[in-house]
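This account leads the reader through a protein structure by way of its helix packing, its nonpolar cores and its salt bridges. Please keep the sequence and the coordinates at hand while reading.

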Amino acid sequence: MASKLGEMLVKAQLITDSQLEEAIRIQRREGGKLGSIVVRQGYCSDQDIVSFLGMQYGVPAADLEQWPPIEASVIALVPADLAFKHKVLPLQRSGNVLTLAMSDPTDIFAMDDVRFHTGYNIDPVVSSEMGLVRAIEQYYGGSSALKLREEGAARAAAPRDGRQASKGPHIDDGAMDAALDLKAMEDELSDVDTEYATLDDEEENINASALMKGSEDAPVVRLVNMVLIDAIRKGASDIHLEPYEKSYRIRYRIDGLLQEVMRPNLKLKDPVTSRIKILAKLNIAEKRLPQDGRIKLRVNLSGQNKVIDYRVSILPCLFGEKIVLRLLDSDKLMLDLTKLGFEPESLVQWDRQISKPYGMVLVTGPTGSGKTNTLYSSIAKLNQVDVNIMTAEDPVEFNFAGINQVQMKEQIGLNFAAALRSFLRQDPNIILVGEIRDFETAEIAIKASLTGHLVLSTLHTNDAPSTISRLMNMGVEPFLVATSVNIICAQRLVRRLCSNCKAPDPHQPPPEALLKIGFTEEEVAKGVTLYKGMGCEVCNKKGLKGRVGLYEVLEMSETLRDMVLTGASAMELREQAVKEGMITLRRSGCRKVIDGVTNIEEIVRETVL
């Protein structure tokens with residue numbers, strides 16, 4: 001940045017090349033900002049530096065010499081020790097936005113610190129460093145500011161009422177305790193021996209015991225740490241942090257359903273968002289655009305080391321940024337196809353088709369239905385020394401030894417289609433494409449499946465037969481679909497009955513109701529015993545714990561291929577597949593109800609007749 005500013009000053013003929021070289025030599029010898037050195041040497045004025053800093057950083061420039069007197073109430077918002085520490089000065093307040101003069105408006109840590117202290121959003125403007133120092137001395141006073149800084153340091157070093165000393169941003173303890181109920185959460189987690197550390201993308205340990213120490217320093221940091229750890233302990237798959245006009249809500253998705261866990265004070269919305277952005281290495285100053293990142297933690301829960309990935313998605317909403325963190329726990333990844341929930345006959349068909357040397361294998365279903373788990377389980381079974389497996393994923397959720405996984409990066413042109421083209425020059429046997437989103441990807445994937453490669457991928461459709469129609473709607477010719485697709489699996493996830501407390505339901509529905517739900521006359525005649533979770537400590541009194549898959553497996557027969565070539569509808573394909581023995585999603589659910597795995601409410605919620 002310094003050299004860029006110097007080049008701009010030279011280009012504007014405000015300083016010469018030799019003056020720039022001299023200023024850089026002084027900077028290397030004594031340190032400090034180049035702009036301050038240039039002014040101190042008398043090469044140009046403060047006003048010139050300020051205007052150029054504004055051009056350099058792309059933010060408004062503020063000449064503090066010409067700025068109107070700042071109100072005392074605004075100055076009082078930022079403590080003197082903070083103003084001296086970061087060389088910042090509050091200029092004005094408008095609603096919940098505080099205009100802050102800074103010599104470096106890209107200093108996110110300074111903005112974050114001021115935001116924590118004040119509870120206001122920060123609108124940075126740039127000023128010269130020398131002008132800022134003079135203005136800070138004017139409004140805060142040199143000696144009084146020094147005294148305030150010393151008192152602040154003494155307060156930070158001394159514990160208050162048995163609480164941990166707060167070296168970080170101060171937040172009113174009474175409001176914090178009432179809003180967060182953090183003590184209750186700490187008590188609940190008191191049996192969890194937790195070590196908290198972050199890992200970067202290269203799996204190297206950051207010396208981040210600081211994260212746990214930070215939980216003792218700053219209440220906001222402690223809150224974020226506790227939420228992340230508590231979600232692991234409760235088996236959540238997602239964490240939702242949602243800002244509304246007059247409230248702030250945190251929810252966990254546990255076994256497919258969202259559950260509210262707490263309502264922090266609305267003032268904590270921005271500090272919590274900034275903390276998560278810092279952990280995910282995102283731009284905390286960007287509030288207008290969606291952002292995606294990742295947090296990777298190594299956690300020791302009761303002596304067991306776990307590495308947890310959090311996929312972070314930040315979306316600007318009407319009253320702030322909503323954050324969703326998807327937990328990716330490798331310990332929960334089920335790679336045994338026999339334990340996912342396939343019916344025996346469906347599993348035989350699936351194994352037969354994924355063992356073929358070429359063709360296309362498709363998994364379909366909504367987001368969060370377990371498609372990735374099914375694909376990972378399939379390629380894990382196929383992963384042998386003599387097989388070259390290439391995957392294109394967005395994002396790569398879990399790492400596998402022996403499988404070449406590629407992370408998509410749309411911003412540089414690395415999408416599924418581009419990756420597939422490169423894969424075909426890498427001598428692959430098996431290709432996994434994270435998702436077929438467009439005609440280009442579908443066309444390359446199908447051609448790869450017709451030229452000696454086994455291609456596995458996903459689509460978003462409601463059931464297996466409609467996947468055929470979806471491919472043709474993308475523009476793929478019917479003869480390509482008919483010849484390339486080997487098998488299609490549609491799936492859903494439903495909650496399991498708690499195995500510890502399930503018992504026969506005393507309220508059994510009449511036979512007519514069972515027939516309407518989808519049970520066969522033969523099953524009803526034999527008698528269907530429905531089970532119910534009574535609620536216990538294991539399932540947290542809910543009667544349901546864990547999830548199981550419902551699977552609809554359509555294996556392409558010659559009859560179905562001919563129907564595709566003649567333009568049959570999804571309904572016609574479905575009727576023929578059922579005649580050939582396809583188990584629909586609803587029938588898969590009914591069989592699991594009979595086996596006492598789940599209940600009728602779950603299958604009715606997730607499937608249709």
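In this predicted model, helices H7 and H14 pack at an angle of about 155°, with their axes 9 Å apart. An angle over 145 degrees counts as roughly antiparallel, so H7 is roughly antiparallel to H14. The crossing of the two helices is left-handed. On the H7 side the contact involves Asp 112, Arg 115 and Phe 116, which meet Asp 270, Pro 271, Ser 274 and Ile 278 of H14.

H7 spans residues 108-118 and is mostly covered, with 8 of its 11 residues buried. The buried residues are Ala 110, Met 111, Asp 112, Asp 113, Val 114, Arg 115, Phe 116 and Thr 118. Just after H7, Gly 119 adopts a positive phi of about 80°.

H13 passes H14 in a right-handed crossing. From H13, the contact is made by Val 220, Val 221, Leu 223, Val 224 and Leu 228; from H14, the partners are Pro 271, Val 272, Arg 275, Ile 276 and Leu 279. Pro 271 of H14 takes part in the contact with H7 and also in the contact with H13.

The wider setting can now be considered. The protein contains 26 helices and 19 strands, and buried residues make up 50% of its 609 residues. Among contacts between residues at least 6 apart in sequence, 64% join residues at least 24 apart.

In soluble globular proteins, nonpolar side chains tend to be buried together. Here the largest nonpolar core holds 55 residues, of which Met 360, Leu 362, Ile 436, Val 485 and Phe 519 touch the most other members. What does Leu 362 touch, not counting residues up to four places away in sequence? Its partners are Trp 350, Ile 436, Ser 457, Leu 459, Thr 467, Leu 471, Val 485, Ile 487, Ile 488 and Cys 489. A second, separate core of 34 residues includes Met 262, Leu 297, Val 299 and Ile 308.

Side chains of opposite charge can pair when their charged atoms come close. A search of the whole structure finds 32 salt bridges. One of them joins Arg 294 to Asp 309, with the closest N and O atoms 3.7 Å apart. Arg 294 lies in strand S8 (residues 291-301) and Asp 309 in strand S9 (residues 304-317), so this pair ties together parts that are 15 residues apart in sequence. Arg 294 counts as partly exposed, at 30% relative accessibility, whereas Asp 309 counts as buried, at 10%.

Strand S9 also supplies Arg 311, which forms a salt bridge with Glu 397, the closest N and O atoms being 2.7 Å apart. Because Glu 397 lies in the loop between strand S12 (389-393) and strand S13 (404-407), the pair ties together parts that are 86 residues apart in sequence. Glu 397 is buried, with a relative accessible area of 16%, while Arg 311 is partly exposed, with a value of 25%.

A further salt bridge, at 2.8 Å from N to O, brings together the side chains of Arg 352 and Glu 555. This pair links distant parts of the chain: Arg 352 is in helix H15 (residues 344-354) and Glu 555 in strand S19 (residues 544-555), 203 residues apart. Arg 352 is partly exposed, with a relative accessible area of 41%, and Glu 555 counts as buried, at 17%. Elsewhere, Glu 242, Arg 249, Arg 251 and Lys 322 are linked in a network of salt bridges.

Notes:
Residues are numbered from 1 along each chain as its sequence is written. This is a predicted model: local features need pLDDT of at least 70, side-chain atom pairs count only at pLDDT 80 or more; totals for chains, interfaces and linings use all residues. Side-chain values use heavy atoms; hydrogens and water are left out. A nonpolar core is a set of buried Ala, Val, Leu, Ile, Met, Phe, Trp, Tyr and Cys residues joined through side-chain atoms within 4.5 Å. Buried means under 20% relative accessible area, exposed over 50%, partly exposed in between (1.4 Å probe, protein chains only). Contact means heavy atoms within 4.5 Å. Helices (H or I, at least four residues) and strands (E, at least two) are DSSP runs, numbered from the N terminus. A salt bridge is a side-chain nitrogen of Lys or Arg within 4 Å of a carboxyl oxygen of Asp or Glu. A crossing is left-handed if the near helix is turned anticlockwise from the far one by less than a right angle, and right-handed if clockwise. Axes are lines fitted to C-alpha atoms, for helices over the stretch in contact, and angles run from 0 to 180 degrees between N-to-C directions. Angles under 35 degrees count as roughly parallel, over 145 as roughly antiparallel, 65 to 115 as roughly perpendicular and the rest as oblique.
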